[in-house]
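Me: I would like to learn how to read helix packing and chain contacts in a model. Can we take the features in turn?

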Number of protein chains: 2
Amino acid sequence: MKYFVTGGAGFIGSTMVDKLFEDKDAEVTVFDNFCSGQMTYIDKHLENKKFKLVKGDLLNLPLLKESIKNHDFVYHFAANPDIAKAMVETDLDLRLGVIATYNLVEAMRVNNLNKIVYTSGSGVYGDVGYTETAEDFGPLLPSSMYGASKLGAEGIISAFCHMFEMQAWIFRFANVVGRNQTHGVAYDFIRKLKENPNKLLILGDGTQSKSYVHVDDVIAAVQLVLEKSKNKVNVYNVASGDYITVKEIADIVTKEMGLSNVKYEYSGGDRGWKGDVPIVRFNLDKIHILGWKAKYSSKDSVVFSTREMLGIKNMENSAHILK
Amino acid sequence: MKYFVTGGAGFIGSTMVDKLFEDKDAEVTVFDNFCSGQMTYIDKHLENKKFKLVKGDLLNLPLLKESIKNHDFVYHFAANPDIAKAMVETDLDLRLGVIATYNLVEAMRVNNLNKIVYTSGSGVYGDVGYTETAEDFGPLLPSSMYGASKLGAEGIISAFCHMFEMQAWIFRFANVVGRNQTHGVAYDFIRKLKENPNKLLILGDGTQSKSYVHVDDVIAAVQLVLEKSKNKVNVYNVASGDYITVKEIADIVTKEMGLSNVKYEYSGGDRGWKGDVPIVRFNLDKIHILGWKAKYSSKDSVVFSTREMLGIKNMENSAHILK
């Protein structure tokens, strides 16, 4: 099987690439513009003859059409990682989300590829408070351009499936965390505390409450859904099923960094930035019934990923600390 | 009130412009690229000092930003009218639907405009057979790029409402028919029968069954919703509540044209083109509860609009013929 992985040098993409190579017959092409991807996440594969790297941008349609030739299966992870930036660069997600995804399925169409995994997200559901959103929730009124770009990309992928006989697996992920993170709340907190270990600026009032899911859980979910769900367009929520607040994440990060007496400062308001969704609640019945359940809770996911980012080894062995 | 109407020389747009001028204080700017709009639909206003015409394309963002200055309210009717064309020009709806809509709300943002009416459509619901789709139906998996572009545009408008304090009224219309049609089933049938009154090619098998709603009903629906629904983002289905088949439309058109013994030929298959949705069913509870109900049935709407397109006068007086 020949895989084409957009954003394959990024967080979830690079983790998936490692997983794909567990199959000895797999051949993998990573297509990444390295705007947030890291060479260190994929350099272990550079000597592998079954690995190919294309430094390229999804907005470069001719390069994309050429690069994607002769592959069997597409994983589409590339996206703008900076959700808040749309406030000052309003077309960022339109370009990197919607148009990039159109280019990808168009490149697939002209080369007769027909299977794609797409990483959407909870942003499509908008700001609906404590409502547990299932995959059939509506109306879908995103509150950020990031969410809007996910919704637009889902629609384009669905249209191509119906018009050109493709098949898609669309995943609406919670906040994914893990060793190769390139962004995220704990990632930001670590960065800030390394600069100044005495105080921490928390965006919003710290009570924002969301689900965090470990990337290893996410990969397992994708694999199970691919194996068991065979509709033309398959849509699944993927989350841990429980929730923690931003303040709790700050407590985890400071503890794991061995810091004490860190002064928390809050930017204030009920959300981190304009377009942020402060409360996210998932209904996970569909994927639970299929047979997947997260191994890690939101708290465990954040603790593990914080340790991974800090380079603390033997995480599994120290899992009892979490209790 | 100063109105800015995209697609204002097109079918629904030009009808709305006529309606807006019933208010003596109204000032109206039509922004249209005349790709399907017709000068004859708006030329009666050209001498009116309160009317302004900008021949321009929504993809020309600098012109759009300049033209939209100092308006109070935006009606966004511009769209690609040729749904089937996406099979050969796959980025058509991406450009004329999604990117054009982004440009519009971006032009609104930089000029501090904050109210927009958007004409979405049943295409966002995808191909779900006889399921009556309410506004909260999900998942939204469009089967055409036209539907995908409507969904993407809805998402972008919603994001801008949340990020930049705008307010939107989104209408998911059934097939709208009326005097200024520039496309549609009956429109195509009239065109074909004028070329050859002996035979008529019907796309699909003729059993496709959808709701048709007269543009006068649509305008009344928009006005009522604007008056009564004041959320940040307001989404409403607008349809006649009943359904007719494409074969029945062929029968209406041939009868109204005074033709007999027209030989119907069918292109075959259960739908008109790849991406077409053969069965469309609406749940209309939300707008009925608000106080709007279509005056005309699907059949009456098609009969009236056929007569309007054929230039037959005194339609109201001849309404008994429909019984």
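Me: At what angle do helix H1 and helix H6 of chain A pack, and how far apart are their axes?
Reply: In this predicted model, H1 (residues 11-20) and H6 (residues 215-228) of chain A pack at about 60 degrees, and their axes are 10 Å apart. H1(A) is therefore oblique to H6(A), as angles from 65 to 115 degrees are needed for roughly perpendicular. The crossing of H1(A) past H6(A) is right-handed.

Me: Which residues make that contact between H1(A) and H6(A)?
Reply: H1(A) supplies Ile12(A), Thr15(A), Met16(A) and Lys19(A), while H6(A) supplies Val215(A), Val218(A) and Ile219(A). By class, the contact of H1(A) with H6(A) holds five nonpolar residues, one polar and one charged.

Me: How do the axes of H3 and H4 of chain A cross?
Reply: The axes of H3 (residues 92-110) and H4 (residues 145-164) of chain A cross at roughly 15 degrees and come within 8 Å. Angles under 35 degrees count as roughly parallel, so H3(A) is roughly parallel to H4(A). H3(A) also passes H4(A) in a right-handed crossing.

Me: Which residues of H3(A) and H4(A) meet?
Reply: On H3(A) they include Asp93(A), Gly97(A), Thr101(A) and Arg109(A); on H4(A), Tyr146(A), Gly152(A), Ile156(A) and Phe164(A) are among them. The residues of this contact of H3(A) with H4(A) divide into twelve nonpolar, four polar and three charged.

Me: Now the two chains. How is the size of an interface often given?
Reply: Often as the accessible area lost when the parts come together. Here the description is by residues: chain B gives 35 and chain A gives 35.

Me: Which elements of chain B give two or more residues to the side that touches chain A?
Reply: They are helix H3 (92-110), helix H4 (145-164) and strand E11 (233-238) of chain B. H4(B) has the largest share of that side, with eleven residues. The side of chain B that touches chain A comprises 17 nonpolar, eleven polar and seven charged residues.

Key. Residues are numbered from 1 along each chain as its sequence is written. Chains are lettered from A and ligands numbered from 1 in the order in which they are written. This is a predicted model: local features need pLDDT of at least 70, side-chain atom pairs count only at pLDDT 80 or more; totals for chains, interfaces and linings use all residues. Axes are lines fitted to C-alpha atoms, for helices over the stretch in contact, and angles run from 0 to 180 degrees between N-to-C directions. Helices (H or I, at least four residues) and strands (E, at least two) are DSSP runs, numbered from the N terminus. Angles under 35 degrees count as roughly parallel, over 145 as roughly antiparallel, 65 to 115 as roughly perpendicular and the rest as oblique. A crossing is left-handed if the near helix is turned anticlockwise from the far one by less than a right angle, and right-handed if clockwise. Two residues are in contact if their C-beta atoms, placed from the backbone, lie within 7 Å. Ala, Val, Leu, Ile, Met, Phe, Trp, Tyr, Cys and Pro count as nonpolar, Asp, Glu, Lys and Arg as charged, and the others, Gly among them, as polar.
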